[in-house]
Amino acid sequence: LGTSLELNQLLDVKIMLGSILILILTGILSGSYPAFYLSAFTPSKALRGAGASTRSGNPGLRRTLVGLQFTISIFMLISTFIIYDQMQYLRSKDLGFDKEQVATFQLRGASFQSWNVLKSSLLQNPNISTASSTSSVPGGGYPNRMLDIENNEGVMQELGLNMLSIDFEYFPTLGIDIVQGRNFSNQFSTDTSHAVIVNEAMVHRLGWSDPIGKRIQYSRDSTVFHRVIGVAKNFHQSSLHDPIEPLLFVPDLSNRRAMLRVNGDYQETVAFVEKTWEELFPNLPLELQFLDQNFVEFYVQDQIRGNLFLGFSIMMIVIAALGLLGLASFTAEQRSKEISIRKVLGASVQGLISLMVKEFVYLVLIGAIPAFVCAYLFAKKWLAEFEYHVAINFVLFAIVTLIILIITVSTTGIHALRAAQANPSENLKNE
């Protein structure tokens, strides 16, 4: 669960009293049925050997309880598979940028003022291909600002947009393509003061037929217009829970977050970065992170939920199998004379096994119906929390049902085989 539990917490009065109360209630509930059942026997019949041996109790209740256990087991197992399927999708989904082997760290104090010196020193290592600075890395969040933007008709309209300050190496470092126009460049002196880049989501939102050259004004009091020089390919700015938002990239050579593209040995490169940092800024701590780790943290709660469902699924299957084992044993004992008579009249062992097992197979199939409905509703609601998710795979429903059926046939088949192979004379000698 990602939490810690101290032993002294278990000694809390409320927890201890609650645990004792649960034990008492469990004992009362589990003991009430057999107690009332046994007290209902007629003493004269019981002493003659009748009553307890001839009464079969409530078979419908037994089947309902075992069927309910399998309904819960099927629901839990299907939900676990769907969560696992979505988590695999999250790990393999193309985010629109290359998050692997990108180291990031905060620039502050002397490191912020001397970024160019640090950058030049780091790029001397052949394992570091590019270095960039930005106001925020993907997943870090972006400020929203009201801007005046030229629409398709040439009219300036006010819109709220997310903004990101970047240097000229931002897109190459993250492997983000410029799908139209160009990137910021030192060859154009006006790029730092009059140029901006937008993403595809912004082009789509504004309905621009030709975004290159569109004007953007930071403030109506300002006479300076910034023009769009390029369109960057969409990338996921945060987790897949959220949609890709329109984003405006503003050039700024003094940002407080650094990124390094590492193409060589990971440990050797990290050691080099730490050594270089310590030489330049001995009094500042270096908090080095990797971008892919940041994105993993977005889905920690989803991963915990998947582990919980898996654990409870295993427990429910074991409990249901034990209940099925008890019911199969009881049924075989109750029908021992019937099976013996069928065997005397020529029934085969295979036929007798099938006769007993199919009753439990029907039980599982009936229990699967409400389990399918509940699992579908859960999957639909949970996947709706993600803007990007897998489709509900109904093949999983069939696979889970097949797994439960195999467990059912295996569990009940043991008792069915034992009952079918028993000597009929042993069961019929008193008749």
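A pocket is an open set of grid points with protein on both sides within 12 Å along at least five of seven lines, and its lining residues have an atom within 4 Å of a point. The model described here is predicted.

**The second largest pocket**

Eleven names make up this lining: Met 87, Leu 90, Arg 91, Leu 95, Lys 99, Asp 292, Phe 295, Val 296, Tyr 299, Val 300 and Gln 303. The volume of this second largest pocket is about 230 Å³. Helices α4 (59-92), α11 (291-296) and α12 (300-334) each give two or more residues to its lining.

**The largest cavity**

One cavity of 30 Å³ or more is counted. The largest cavity holds about 30 Å³ of space. Around it stand Ala 103, Val 262, Thr 269, Val 270, Val 273, Leu 288 and Phe 290. Helix α10 (residues 266-280) contributes the most to this lining, with three residues.

**A helix pair**

Two packed helices are described by the angle between their axes and the distance between the axes. Helix α14 spans residues 349-383, and helix α15 spans residues 395-421. Their axes come within 8 Å and cross at roughly 155°. Angles over 145 degrees count as roughly antiparallel, so α14 is roughly antiparallel to α15. The crossing of α14 and α15 is right-handed. The contact of α14 with α15 has 20 nonpolar residues, five polar ones and no charged ones.

Notes: Residues are numbered from 1 along each chain as its sequence is written. This is a predicted model: local features need pLDDT of at least 70, side-chain atom pairs count only at pLDDT 80 or more; totals for chains, interfaces and linings use all residues. Side-chain values use heavy atoms; hydrogens and water are left out. Axes are lines fitted to C-alpha atoms, for helices over the stretch in contact, and angles run from 0 to 180 degrees between N-to-C directions. Helices (H or I, at least four residues) and strands (E, at least two) are DSSP runs, numbered from the N terminus. Angles under 35 degrees count as roughly parallel, over 145 as roughly antiparallel, 65 to 115 as roughly perpendicular and the rest as oblique. A crossing is left-handed if the near helix is turned anticlockwise from the far one by less than a right angle, and right-handed if clockwise. Ala, Val, Leu, Ile, Met, Phe, Trp, Tyr, Cys and Pro count as nonpolar, Asp, Glu, Lys and Arg as charged, and the others, Gly among them, as polar. On a 1 Å grid over the protein atoms alone, a cavity is a set of points where a 1.4 Å probe fits but cannot get out, and a pocket is an open set with protein on both sides within 12 Å along at least five of seven lines; lining residues have an atom within 4 Å of a point. Grid points are joined across faces, edges and corners, and a volume is the space filled by probe spheres set on the points.
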